[in-house]
Amino acid sequence: MITRRDMMGSLAVFAELLAASGGAEAQGQPANAGRPPVFKHDLPNLSMDGWEVTVSHVEYPPARVGATHHHAGFVLAYVLEGQIITKISGQGDEKTYHVGEMFYEQPGATHEVSKNASQTEPAKLLAMIFAKKGATLTTPGPAKG
């Protein structure tokens with residue numbers, strides 16, 4: 001059974017790899033010494049027994065506007081390239097995320113806005129969807145409930 005603690009440890013290692021910019025400093029200090037975390041957010045209080053994580057690249061060609069959708073479980077997304085505008089139900093207004101930033105989609109949320117901020121440059125993110133094994137990961141339209 002995967003616990004929240006185990007998952008957070010795995011995510012911390014993953015975030016460290018993403019944040020690393022070429023290895024350790026000359027004095028043997030970690031590459032992220034003195035830098036704030038890339039992302040910090042409370043996670044839902046749930047058992048993750050029977051869950052899995054699916055990690056995918058999501059490409060945003062210039063001017064791409066995605067349709068309203070929702071996911072099984074919850075999502076952590078890390079912007080790899082460009083700028084992405086997103087709005088998640090229950091999280092306030094649209095927000096623009098830049099390279100190196102992350103956002104969170106809580107269970108039962110609707111991804112109301114998902115678009116490339118640029119009309120001329122591509123954007124890309126890494127989506128980590130945590131959901132029960134066998135669940136449909138992405139469904140068009142708003143979440144029920």
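**View 1. Pairing of strands β3 and β8 in the predicted model.** Strand β3, which covers residues 74–81, and strand β8, which covers residues 123–132, are paired in the antiparallel sense over seven bridges. Within this pairing, valine 75 has isoleucine 129 of β8 as its bridge partner. The coordinates shown here and in the views that follow belong to a predicted model.

**View 2. The open sheet of four strands.** The strands of this open sheet follow the order β1-β8-β3-β6, and their pairing is antiparallel. The edges are formed by β1 (51–60) and β6 (102–105), each of which pairs on one side only. From one strand to the next, the twist averages 20°.

View 3. The largest nonpolar core has 11 residues in all, namely Leu43, Met48, Trp51, Phe74, Leu76, Tyr78, Met102, Tyr104, Leu126, Met128 and Phe130. Strands β3, β6 and β8 each supply at least two residues of this core.

**View 4. The surroundings of tyrosine 104.** Tyrosine 104 is one of the residues of the largest nonpolar core. When its neighbours within four places in sequence are left aside, tyrosine 104 is in contact with Phe39, His41, Asp42, Leu43, Pro44, Phe74, Val75, Leu76, Ile88 and Gln91.

**View 5. Histidine 71 and its contacts.** Histidine 71 belongs to strand β2, which covers residues 69–71. Its relative accessible area is 14%, and because this falls under the 20% cut-off, histidine 71 counts as buried. The side chain of histidine 71 makes a polar contact of 3.3 Å with the side chain of histidine 69, and another polar contact, of 3.0 Å, joins it to the side chain of threonine 138. If residues up to four places away in sequence are not counted, histidine 71 touches Glu105, Ile129, Leu137 and Thr138.

**View 6. Confidence along the chain.** The pLDDT of the chain averages 83, and 77% of the residues score at least 70. Over residues 21–27, however, the pLDDT is below 50, and this stretch has six contacts in the model beyond near neighbours in sequence. Confidence is lowest in helix α1 (residues 4–19), where the mean is 52, and highest in strand β4 (residues 83–88), where it is 98. Where pLDDT is low, the predicted coordinates should not be read in detail.

Key: Residues numbered from 1 in each chain as written. Predicted model: local features only at pLDDT ≥ 70, side-chain atom pairs only at ≥ 80, totals over all residues. Heavy atoms only, no water. pLDDT = per-residue confidence, 0-100. Contact = heavy atoms within 4.5 Å. Buried < 20%, exposed > 50% of the residue type's maximum accessible area, 1.4 Å probe, protein only. Polar contact = N/O pair within 3.5 Å; in protein donor to acceptor, adjacent residues only side chain to side chain. Pairing = 2+ DSSP bridges. Axes fitted to C-alpha atoms, helices over the stretch in contact; angles between N-to-C directions. Core = buried A, V, L, I, M, F, W, Y, C linked by side-chain atoms within 4.5 Å.
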